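Here's a quick tour of a protein model for you. Keep the picture open while you read, and try to find each spot yourself.

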Amino acid sequence: MTLDELKAALDSFSPAKVTFAARVIDALSNPPNVDIKSAGTWLTESDEWIEYFGLALSVHHGSTADPLGLFAQRRS
């Protein structure tokens with residue numbers, strides 16, 4: 001999906017869908033910042049996998065963005 005297609009899809013969303021999408025985007029824009037590379041396990045061998053997993057976790061919690069928001073507030 002291109003950016004223009006995404007914008008067109010958003011234009012067709014109901015207010016509830018826009019709110020939900022905005023919370024998911026906010027969660028993706030502010031992922032948890034944790035240093036797990038120091039552990040040195042197979043989980044930390046690939047920077048791409050770490051980024052992907054972090055994004056997947058953010059989307060998983062995107063429907064309940066309040067906990068991620070609380071985490072971001074604690075980091076500040």
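Helix 2 passes helix 3 in a right-handed crossing (right-handed if the near helix is turned clockwise from the far one by less than a right angle, left-handed if anticlockwise). This is a predicted model, where local features need pLDDT of at least 70 and side-chain atom pairs count only at pLDDT 80 or more, while totals for chains, interfaces and linings use all residues. Residues are numbered from 1 along each chain as its sequence is written, and side-chain values use heavy atoms, with hydrogens and water left out.

**Helix 2 and helix 3**

- The axes of helix 2 and helix 3 (residues 47-60) come within 8 Å and cross at roughly 150 degrees (axes are lines fitted to C-alpha atoms, for helices over the stretch in contact, and angles run from 0 to 180 degrees between N-to-C directions).
- That makes helix 2 roughly antiparallel to helix 3, a label for angles over 145 degrees.
- Ile25 sits in helix 2, which covers residues 15-29.
- Ile25 and Ser58 are 33 residues apart in sequence, yet their C-alpha atoms are 9.2 Å apart in space.

**The overall build**

- You'll find four helices and zero strands here (DSSP runs numbered from the N terminus: H or I of at least four residues for helices, E of at least two for strands).
- From the N terminus on, the elements run α-α-α-α.

**Inside or outside?**

- Buried residues make up 11% of the 76 residues in the protein (buried means under 20% relative accessible area, exposed over 50%, partly exposed in between, with a 1.4 Å probe and protein chains only).
- Ile25 counts as partly exposed because its relative accessibility is 46%.
- Leu10, in helix 1, is also partly exposed, with a relative accessible area of 29%.
- Leu10 and Ala21 are eleven residues apart in sequence and 8.5 Å apart in space, C-alpha to C-alpha.
- Met1 comes in the segment before helix 1 (3-11), and Met1 is exposed because its relative accessible area is 74%.

Methods. Parallel < 35°, antiparallel > 145°, perpendicular 65-115°, else oblique.
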